[in-house]
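My entries are below, in the order in which I made them.

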Amino acid sequence: MGNSALKAHLETAQKTGVFQLTGKGLTEFPEDLQKLTSNLRTIDLSNNKIELLPPLIGKFSFLKSLVLNNNKLTALPEELCKLKKLETLHLNGNHLRQLPAAFGQLSALKTLSLSGNQLRTVPTQLCGLRHLDVVDLSKNQIQNVPDTVEELQAIELNLNQNQISQISVQISHCPRLKVLRLEENCLELSMLPQSILSDSQISLLAVEGNLFEIKKLRELEGYDKYMERFTATKKKFA
């Protein structure tokens, strides 16, 4: 892409606060963006070939939304964790195996999408995020959901299309969790904690495509309590 085209994008971004450059075959984060660290609220560089996010990402202190879907990122810099105003982070379709240690410092984060990466566990760093609403960890290589999950503040947790065969009973203690998606995993019915049904806030449990028939779920103790929550929630949104 020519310099003049980039310059035009930068000029627009200076006025709008939005820098969007998708599907242009970029192999690196445009360094010229650092001229706009105080202007930018949104950066979208999806569908490129970016392998590395430079440390300068930490300078965009007013950034609210960062979208880097379908790139070639294998890791994220610790500097990303300085973005105290970041509310939306979309990193679907990359090659991420873990999150930076300081990820819990992204205190404004509401929506996190990490679908289609190479995560093997539910990152414990997510548990410190108090405003998290939606977490999408679908299409990864997660095999179990650990005890630390009880600290998760999310309203919706998507774990579809992983390799989950074990779930900690602590998931039923998640204070705000209403929607739990576990479709197409490796769960036996005996590995699904009954407390999710009888004693949690969860009002939508999606478990199609596991190692049991859905009708068997209906025979479990606590299913009627779950259905009460499910129906009450449906009425609320109807």
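**Setting up.** I noted that this is a predicted model, in which local features need pLDDT of at least 70 and side-chain atom pairs count only at pLDDT 80 or more, while totals for chains, interfaces and linings use all residues. I number residues from 1 along each chain as its sequence is written, and side-chain values use heavy atoms, with hydrogens and water left out.

**Whole chain.** I found four helices and 11 strands in the chain, taking both as DSSP runs numbered from the N terminus (helices H or I with at least four residues, strands E with at least two). The C-alpha trace spans about 65 × 30 × 30 Å along its principal axes. Of the 238 residues, 48% are buried, where buried means under 20% relative accessible area, exposed over 50%, and partly exposed in between (1.4 Å probe, protein chains only). The accessible surface comes to about 11700 Å², and carbon and sulfur atoms hold 48% of it; the areas come from the Shrake-Rupley method with a 1.4 Å probe. Among contacts (heavy atoms within 4.5 Å), I looked at those with a separation of 6 or more, and residues 24 or more positions apart account for 34% of them.

I also looked up the charges: there are 28 positive and 25 negative side chains, and the centres of the two sets lie 7 Å apart. Here Lys and Arg count as positive and Asp and Glu as negative, with His and the chain ends not counted, and each charge is placed at NZ of Lys, CZ of Arg, CG of Asp or CD of Glu.

**Helix H1.** H1 covers residues 3-16, which is 14 residues, and reaches 20 Å from its first C-alpha to its last, close to the 20 Å expected at 1.5 Å a residue; the expected span is 1.5 Å times one less than the number of residues. Its buried residues are Leu6, Leu10 and Ala13. Seen down the axis of H1, these fall within an arc of 65 degrees, so they line one face of the helix; the arc is that of the directions from the helix axis to the C-beta atoms. Strand E1 (18-20) is included in what covers them, whereas Ser4, Lys7 and Lys15 are exposed on the other side of H1. After H1 comes Gly17, with a positive phi near 80 degrees.

Asn47 has a positive phi near 55 degrees; it sits in the loop between strand E2 (42-44) and strand E3 (65-67) and is partly exposed, at a relative accessible area of 41%. Asn70 also has a positive phi, near 55 degrees, and lies in the loop between E3 and strand E4 (88-90), partly exposed at 40% relative accessibility.

**Phe62.** Which residues does Phe62 contact, leaving aside its neighbours within four places in sequence? I found Thr37, Ser38, Leu40, Arg41 and Lys85. Phe62 lies in the loop between E2 and E3 and is partly exposed, with a relative accessible area of 32%. Phe62 and Glu184 are 122 residues apart in sequence, with 38 Å between their C-alpha atoms.

**Gln170.** My last entry places Gln170 in the loop between strand E9 (166-167) and strand E10 (179-181). Leaving aside neighbours within four places in sequence, Gln170 contacts Asp147, Val149 and Glu150. The C-alpha atoms of Gln170 and Pro193 are separated by 8.8 Å, at 23 residues apart along the chain.
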